[in-house]
Amino acid sequence: MKLQDVKERIDNFFDNITAEKLYEISVLKYNFSEIIIDIENNHFETSKVSYYPSATPVFDNDKDEVSGTLALAS
Amino acid sequence: MLFSFNGHHGTSSESAKKIIASNYELSIGNDEWLGNGVYFFVPGISTKTIELAENWAIAQSWDNENKQNKYIQYCVIQSEIEVDESEFLDLTKEEGVEILSYLVDRYKDKIKTIGRSMKFQDGLLLNLAREEGIFPLEVVKGNFYIKFAKERIEKINLRTSNCTICTVYNPSKNILSNSIIKTGQVK
């Protein structure tokens, strides 16, 4: 396949999905890692992200593992 | 237009018998390669695809944690792959790389709007593209550097690709036949 064959479909997908939804499926369904930038220490790392839906009332410290897992309260 | 080509897959004799009897199971978690599919060595950078599959079967037999081989008998399976051009992404060619690059750009621009920055891996993006139906995708081919036993033992870690691999996401759709063409023993 060539780009001209699928460009419209790619555009259609990204034009119609919200950034929040894209982030959610990337993390939950496709296991993407997030790049975390620590500006103060000039440090870059990637982190597996555990995503908690907005109904989650509090930050769950038990989920915050040494490996760098980051809990998000959205 | 249909593309047809042979791919070679190295595995234990036990797994090979299951494959011949009931086709392949998907390899899940190959994020750094081409995503969740069945993997084959195909002609490209190297034409010695049977030898590559054999070397892969030997390398994969070693259980580094328990310091012993998981299996001794291995097989190389030859599979006939057929895919329509409209569902075939060839990342060994400029036209294929353009598609992946465009996908990355659109993804990056979108996710940036909420202040996020994700780590990109070929396999994750291809899983996303296929499973979300962004475009039809059944077979993908690409050049990779794969570490076989020699590379692992001698810690040879180059950036230059040493083989061409292809993944088939739906074996029952795109694999027409399987046959064991070589057997051997891990020494």
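**Predicted complex of chains A and B**

With 18 C-beta neighbours inside 10 Å, B:Q78 counts as partly exposed. A residue is termed buried if 20 or more other C-beta atoms lie within 10 Å of its own, exposed if 12 or fewer, and partly exposed in between, with C-beta atoms placed from the backbone. B:Q78 lies in strand β5 of chain B. Helices (H or I, at least four residues) and strands (E, at least two) are DSSP runs, numbered from the N terminus. Leaving aside neighbours within four places in sequence, B:Q78 is in contact with B:N6, B:H8, B:S179 and B:I181. Contact requires that the C-beta atoms of two residues, placed from the backbone, lie within 7 Å. B:W62 is 16 residues from B:Q78 in sequence, and the two C-alpha atoms are 23 Å apart in space.

The model is predicted; local features need pLDDT of at least 70, side-chain atom pairs count only at pLDDT 80 or more, and totals for chains, interfaces and linings use all residues. Residues are numbered from 1 along each chain as its sequence is written, while chains are lettered from A and ligands numbered from 1 in the order in which they are written. The predictor gives the complex an ipTM of 0.89 and a pTM of 0.84. Chain B has a mean pLDDT of 95, and 99% of its residues reach 70 or more. pLDDT is the predictor's confidence in each residue, from 0 to 100.

Chain A has two helices and three strands. Their order along the sequence is α-α-β-β-β. Of the 74 residues in chain A, 12% are buried. Among contacts in chain A with a separation of 6 or more, residues 24 or more positions apart account for 5%. In α2(A), the residues A:L22, A:Y23, A:S26 and A:V27 are buried. Seen down the axis of α2(A), its buried residues fall within an arc of 120 degrees, so they line one face of the helix. The arc is that of the directions from the helix axis to the C-beta atoms. An α-helix has 3.6 residues a turn, so residues three or four places apart point the same way.

The loop between α2 and β1 of chain A holds A:N31. This residue is not a glycine, yet A:N31 has a positive phi of about 65 degrees. A:N31 counts as partly exposed because it has 15 C-beta neighbours inside 10 Å. B:K155 has a positive phi of about 55 degrees and is not a glycine. B:K155 lies in the loop between α5 (149–153) and β9 of chain B. With 7 C-beta neighbours inside 10 Å, B:K155 counts as exposed.

The contact between the chains takes 22 residues from chain A and 25 residues from chain B. On the side of chain A that touches chain B, α1 (3–16), α2 (19–28) and β1 (33–38) each supply at least two residues. α1(A) gives the most to this side, with eight residues. By class, the side of chain A that touches chain B has twelve nonpolar, four polar and six charged residues. Here Ala, Val, Leu, Ile, Met, Phe, Trp, Tyr, Cys and Pro count as nonpolar, Asp, Glu, Lys and Arg as charged, and the others, Gly among them, as polar.

Strand pairing was examined in chain B. Strand β6 (residues 88–90) and strand β8 (residues 139–144) of chain B pair in the parallel sense over three bridges. Two strands pair if DSSP finds at least two bridges between them. B:D90 stands opposite B:K141 in β8(B). β8(B) also pairs with strand β9 (residues 163–168) of chain B, in the antiparallel sense over six bridges. B:T167 in β9(B) is the bridge partner of B:V140.

B:V140 is also among the residues with the most contacts inside the largest nonpolar core, together with B:A129 and B:I165. This core has 51 residues. A nonpolar core is a set of buried Ala, Val, Leu, Ile, Met, Phe, Trp, Tyr and Cys residues joined through C-beta atoms within 7 Å. Strand β5 (residues 73–84) of chain B provides the largest share of this core, six residues. Not counting residues up to four places away in sequence, B:V140 touches B:L34, B:L89, B:L91, B:L126, B:C166 and B:T167.

B:F144 lies in strand β8 of chain B. With 16 other C-beta atoms within 10 Å, B:F144 is partly exposed. B:F144 touches B:W33, B:S161, B:C163 and B:I165, not counting residues up to four places away in sequence. B:F144 and B:I181 are 37 residues apart in sequence and 24 Å apart in space, C-alpha to C-alpha.
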